[in-house]
Amino acid sequence: MSAALLEVEDLCVDRGGVRVLDGVSFALQPGETLGIVGESGSGKSTLARAVLRLLEAARGRVRWRGRDLLAIPERELRAMRREMQMVFQDPASSLDPRMTVAASVAEPLAIHGLAHRATLAARVAGRLQQVELGPELLHRYPHELSGGQAQRVALARALATGPSLLVADEALSALDVSLQAQMVNLLRDLRATLSIACLYISHDLRMAAYFCDRIAVLSRGRIVEISDPATLVRDPRHAATRALIAAASSSTLTST
Amino acid sequence: MRFQTPEGSPAPVRRVSFNLQRGESLGLIGESGSGKTTVALSLLRLLPRTAQISGRIELGGENLLGLSEGELTRRRGARIAMVFHDPLAALNPVLRIGTQIAETVRAHRSASRKDSWAAALGLLRRVGLAEEVARGYPHQLSGGMRQRALIATALACGPAVLVADEPTSALDPVAQGGIVELLRQLRDEGVALLLATHDLGLAARLCDRIAVLYAGRIVERGTTAEVLARPRHPYTMGLLRSLPPPLGSSSDARLQPVAGSVPPPWATFSGCRFRDRCPRAGDDCAPREPELVEDAGGEVACFHPLEAR
């Protein structure tokens, strides 16, 4: 386990005196995709944010390539964030409405001191190409984009600094089915070519089972089960897992 | 209930026709921009004043498009009611749940405060909520409970038709299951249900028939079992192929969604509106638009439909 990209140990988060994340531990290998699934309120998004130190943990350790993320000073943390990026559910609220696509994708490069005037335009265009968007979108604003295009721009922005970890928090949920499928195909391609690790947070067990190497089931702030999708579905150990499986199976079209 | 709009209007929905029987559920399936919400809202004439509607919307033999605003207000809620996808936005945050339901009861029939409150409690029980919920406020309820409370409000005056626009999309899968059960039960009690959704799985669980909308037109229609098991229109097939494999399947194959995205509402079309994205399109798709025609038990609007098998 010493080669793990990310190790989370006994992570706890309190909110308003309530423990919303309780003793969560897992490890993520480089290039691995771990799904975090659970009902609303199970703590999925809290976990994502606590791992990236976007909110304060009450207890526990988060090791990034062996270093304790929760203990290092803010300045160093900022530099490390270059390696860990996030995509949110709603691209309309994660993109700045006053910034063009080009500016949005270039901003993380500037923040991390990676913007060199000579190469910037080419890098930005390259990132857009990576998410299968054409250069004609460079000078558009978010309101001029479709939902699917906006989410691809958010992904291009997240990939701009060349991260080793992508945290996707319900990144597909707001999209239509055909756009979800296009996006998951794209994520699978990128994962393969960039060997990027992914924390995939979702309430959609069926998509998670298709996309992830392993799945952790979160219930009331605890990981109640973690295994590969096939084992999880064949031999669920916890009631929360069974409930998610039942809900996902009753909507499979072959069952009607 | 019957619904028809003729050709020639600039509205994003064109020439959509369907009928709905008592105790039946019809799914209007479509992605964003397909016009499903437009149809749902037009049934209650809730579209903005700038919208031009033509055609007929008949409810129990009466054309809703011919009614005055006052007459219409009396029909809404009493004969036809709507459930929206976001119950938090549809419920009043500063009124107790019971008060909101009782208010709706009194809006349509003269009842004392006491009687309308008692009616509200009965409605809450009918949608599977405890009577104590009546004293609570929307923010104190879970998403699933809020949606039940909203359905109770919609049922307050015993409508014949319930229009539900993505009633479960704001809920997690476990809460969704409960709402599906409730809507099924209402259908079985004789309410006609029109479900507008992008979720094929939801339609499969809830609808007797489905109509697939693409860019404002119905491209395929039939019984749910037939359409989902043997889709004829390439777009319907593309939607089904966008879904990840069922749980327990070890398939790792790439998903095969429809390429591209739904055209914007202002797009104009010549010929078949799906042909730019269609893997089966030929030269004959360009000059004119295919009509929805009966074909092997269902209806499809396509010059090159998939094999009926």
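Chain B as a whole has a mean pLDDT of 89, with 97% of its residues at 70 or more. The model scores are ipTM 0.85 and pTM 0.87.

Residues are numbered from 1 along each chain as its sequence is written, while chains are lettered from A and ligands numbered from 1 in the order in which they are written. As the model is a predicted one, local features need pLDDT of at least 70 and side-chain atom pairs count only at pLDDT 80 or more, whereas totals for chains, interfaces and linings use all residues.

Turning to the strands, chain B holds an open, antiparallel sheet of four, ordered β2-β1-β4-β5. Strands (E, at least two residues) and helices (H or I, at least four) are DSSP runs numbered from the N terminus, and two strands pair if DSSP finds at least two bridges between them. At the edges lie β2 (17-19) and β5 (62-63) of chain B, each pairing on one side only. Strand β1 (residues 2-4) of chain B is joined to the antiparallel β2(B) by three bridges, and Gln4(B) has Ser17(B) of β2(B) as its bridge partner.

Between the chains, 32 residues of chain B are in contact with 35 residues of chain A. On the chain B side, α7 (173-188), α8 (200-206), α9 (224-229) and α10 (234-241) each supply at least two residues, and α8(B) gives the largest share, five residues.

Definitions and conventions: Contact = placed C-beta atoms within 7 Å. pLDDT = per-residue confidence, 0-100.
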